[in-house]
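These are my notebook entries on one chain. I recorded what I looked up, in the order in which I looked.

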Amino acid sequence: MQASQLQWASSLKLGAEKIETSSSCSKLGFVSFKRRGSFVVKAMAVNLSSDKNGSLLSSIGNSTNIQWHQCSVKKEDRENLLKQKGCVIWITGLSGSGKSTVACALSGSLYSRGKLAYVLDGDNVRHGLNRDLSFKAEDRAENIRRIGEVAKLFADAGVICIASLISPYRRDRDACRALLPAGEFIEVFMDIPLDVCEARDPKGLYKLARAGKIKGFTGIDDPYESPLNCEIALKNKGGECMSPCEMAEEVISYLEEKGFLQA
């Protein structure tokens, strides 16, 4: 017995725009774009076949003879246990915009309400899972892909996952959104002007970038692509910066309105 199924995968191919097709599977095209640091969501053919015992095996990317094991405890069961709905809150913005601070304030606010959340901070993840990655274009794309996959697992566990990282390219963020069911990826844009972020410069990175000691720094000599259709935009109001707690409450209000804080 043989079948063919489509799955979404990420491509780190960078360079001139082109169309490729697969010869080993059903012919299915994908496009890679000339954009620094972005990875492309592509439709990828997955070969499905049954072994001698009739169990369904598949080949995905470089992984062969693998099988998805279903458990009797489903996502809905975990959500009922936690009395909340799993989702991914993806906080994006320039360095110094307050992503990590707001993420921690949001996590604390949810905790005080008896809700389980976990923060995937860009720097923290590079201390372990992504410590093998640099800040070159292809590694930045892989960094985001991995965090997107981990965030997806947290959401499936029924946890409210808060990912906070610059993630400067729309295509990368959209690829992470595509991993989750509609409505479960909540993009939060820290809409803070560059001059404000640079004035804060908590890590001293803007100063180094201006001095030419850091190359490819987002906002200085590498672009940041603002979200076009984010769920939430957090910005200064009336020339005054909102506090991290006030920003966190805006996100909480959205979660309450969409029913994520109840099973």
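This is a predicted model: local features need pLDDT of at least 70, side-chain atom pairs count only at pLDDT 80 or more; totals for chains, interfaces and linings use all residues.

Entry 1, a charge over a ring. I took a charge to sit over a ring if NZ of Lys or CZ of Arg is within 6 Å of the ring centre and within 35 degrees of the ring normal. With this criterion I found that Arg126 lies over the face of Phe135, at 3.8 Å from the ring centre.

Residues are numbered from 1 along each chain as its sequence is written, and side-chain values use heavy atoms, with hydrogens and water left out.

I counted 8 helices and 11 strands, taken as DSSP runs numbered from the N terminus (helices H or I, at least four residues; strands E, at least two). Of the 263 residues, 41% are buried (under 20% relative accessible area; exposed is over 50% and partly exposed lies in between, with a 1.4 Å probe and protein chains only).

I located Asn143 in helix 4, residues 137-156. Asn143 counts as buried because its relative accessibility is 7%. Its side chain makes a polar contact with the side chain of Asn130 at 2.6 Å (N or O atoms within 3.5 Å, one able to donate a hydrogen and the other to accept it; residues adjacent in sequence count only if both atoms are side-chain atoms). Leaving out residues up to four places away in sequence, Asn143 touches Arg126, Asn130, Leu133 and Leu165 (heavy atoms within 4.5 Å). The buried residues of helix 4 pack against several elements, including helix 1 (75-82), strand 8 (117-121) and helix 5 (170-177). Just after helix 4, Gly158 takes a positive phi of about 90°.

I searched the whole structure and found 4 aromatic pairs (ring centres of Phe, Tyr or Trp, the last by its six-membered ring, within 6.5 Å; planes under 30 degrees apart are stacked, over 60 edge-to-face, the rest tilted). Tyr118 and Phe154 are stacked, because their ring centres are 5.1 Å apart and their planes are at 5°. Tyr118 lies in strand 8 and Phe154 in helix 4, so this pair ties together parts 36 residues apart in sequence. Tyr118 is partly exposed at 44% relative accessible area, and Phe154 is partly exposed at 23%. Tyr206 is buried at 1% relative accessibility, and Phe217 is buried at 9%.
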